[in-house]
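Let's take a walk through a protein together. Have a look at the picture first, and then read on.

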Amino acid sequence: MPFVRSAKLSDLASLTAEVHEFLAQPGVQPGVITRFSPDLASRVYEEVLARSAEDLLEARRRERESAPEVLAFRVS
Amino acid sequence: MLCRYHLLPFDPALSSDALLAQIWSKSGDPVHRPGSGQWAEIVRHLNEIGTRTLLVQDHVRDPDFIDEYEAVYSKQYRDMDRFCVRVHAFSQDSGGPSNTEEAVLNFIDSAPAPSYLGLVTLRPLRHAPIGATILVDSPQARTLCKDRFPVHIAGNKFEVLGTPYLQQDNAAGACAQASIWMALRTLRRRYGSAAFSPAELTIAATRYTAFNRVFPGREGLTVEQMLAAIRATTGHDTLVIPLQERDPNTANTFTNPFSVVERLQPYLESGIPVILLLKHPAGGHAVVAVGLAAGASNNNNVPPGLVVHNDNKGPYRVLPFSEPGGGYALNHCVSALVPLPSGVLMPAKDAEKEAHNQLDFWRKALLKDQGKRGLVASRHLWTRTYLCTRHAFREWAKLAGNLDPGVQRIYRATGMPPLVWVTEIHDPDIFDPADLSKATRLGEIVFDAAADALHGDALIYVRVSKQMLPFEAQHAGLLIVPDEAVLPLTTSEPTCGISEPWDHI
């Protein structure tokens, strides 16, 4: 039995519009693989995939700080 | 030679102590004290899973107990039995108690494979009778972390699909070793690990850091020692998840049980048992989470607790959010140990966060009228994240009849890493958390589990579909593929989810 949760949403307006324009081109047809331009692909990566880097780094820092306390905990 | 098997009809009306006395009356002198809480829980579970007959097997050389015996009990002067009694459970009637070889063998030979419900090992220890035990789960406590274990009885091969359980003996090991044993034994076949007894785990844990004598091992272990034991014996690269938060006003620490479930759910859905470390008023304790408590529904997606194996209480018990009576609860958790297979570098939390970012971006890009972009959030969705083998993922793609043919070809034919994080996206109007066979899956986001979310090259696939939007879409759906390309879909009918993503290892 799975446990599910809501997806959080936020905005990335200009890049979204640019990708939307690309998808609206006549050459982009159902069932046909179309390549992004290298520039667009790299910006999608930079802005979408790596946008949460600061959050990730902060979470990792917090976990590092609590590590000594966590490791010394004894169970019996 | 006397027959070492005996048949015993299972009478649910009999008390657990009376049943234990019956078993020992078949197997020799009783050595157990009455009142074992773990045995009582096991008897309750035997009743829940529909047990009708017990097959009592004497003179069992149980490898885990033999190790415990050699490490501790063989040192004492007086003789002590080193053999165990094993009790096999069947859902088939035996026709009455019998000790004759013919009747016993006839029963074993005629028992259908599905009637076998598992085994309980009874150690010859007065204070801690429950040894290696594997029973099927019950409808009241379904588990996600389990495996199939072969069992050979008198020339017949049976199989039990369950989660191994063991009670600490407080001499060769304590709750820490029992919990590690339960978690690693569940994963043994899947990741090719050898089997390690509690005594071996104690030695591995104290090899470099011991705070007292190694044996008797009743002092317990620190988290650091538990990590050392897991790493030294199996090579699993254990992830430690701190579960306590700090109140910004008082600086006091506390545990939010909702967060515990949220953090651990992806690992449990991946079939990976999670060792929970509890700070209870009675002392530190470890239990193993093996499933999500029943109770989540389409309207309420939060399970009311976790299903755990608690070595000092019993198997398949629900660990609730809180326990006013003073028992163990999720709000006692201080941290969790996840015995991840080596090579899984991305934790579930990172995969989920990145998946939500991808979903956010590509849903909006798919929208036909960009003026309504800000309203995309009004289409609520549910996500479910788990670690999955590429084989299970490809099999799902092959069998998902509603999947777009182009997507099927790409999923089945392109290269994939051995393990991936999959975030399934479901239609909240019809999704049933208790039934993954329903076609409610609208898409998925797939990451390489061996990549780091910070460094990139982690994304494998993104599939979004028009049903994820509150307004008209530009295409039926999109598949974003690894070589920086996109496949607009011809169809985007909902499909089903994957119920056992750990299979095929």
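When we speak of domains here, their bounds come from an automatic or database domain assignment. Chain B is divided into domain 1 (5-205), domain 2 (223-338) and domain 3 (348-488). Taken over C-alpha atoms, the centres of domain 1 of chain B and domain 3 of chain B are 43 Å apart. Keep in mind that this is a predicted model, in which local features need pLDDT of at least 70 and side-chain atom pairs count only at pLDDT 80 or more, while totals for chains, interfaces and linings use all residues. Residues are numbered from 1 along each chain as its sequence is written, and chains are lettered from A and ligands numbered from 1 in the order in which they are written.

Let's begin with a sheet in chain B. Helices (H or I, at least four residues) and strands (E, at least two) are DSSP runs, numbered from the N terminus, and two strands pair if DSSP finds at least two bridges between them. Five strands of chain B form an open sheet with the order 1-2-3-4-5 and antiparallel pairing. Strand 1 (5-9) and strand 5 (130-135) of chain B are its edges, each pairing on one side only. Strand 1 of chain B is joined to strand 2 (residues 53-60) of chain B by five bridges, and Leu7(B) stands opposite Leu55(B) there.

Now for the meeting of the two chains. Two residues are in contact if their C-beta atoms, placed from the backbone, lie within 7 Å. How many residues of chain A are in contact with chain B? There are 45, and they touch 72 residues of chain B. Helix 3 of chain A supplies the largest share of chain A's side, seven residues. Strand 3 of chain A also runs antiparallel to strand 8 (residues 221-222) of chain B, joined by two bridges; here Val75(A) has Leu221(B) as its bridge partner.

Finally, let's look inside. A nonpolar core is a set of buried Ala, Val, Leu, Ile, Met, Phe, Trp, Tyr and Cys residues joined through C-beta atoms within 7 Å; buried means that 20 or more other C-beta atoms lie within 10 Å of a residue's own, with C-beta atoms placed from the backbone. The largest such core has 163 residues, and Leu276(B), Ala336(B) and Phe447(B) touch the most other members. Helix 5 (residues 175-187) of chain B gives the most to this core, nine residues. Not counting residues up to four places away in sequence, Phe447(B) touches several residues, including Met346(B), Trp421(B) and Leu459(B).

Definitions and conventions:
A residue is buried if 20 or more other C-beta atoms lie within 10 Å of its own, exposed if 12 or fewer, and partly exposed in between; C-beta atoms are placed from the backbone.
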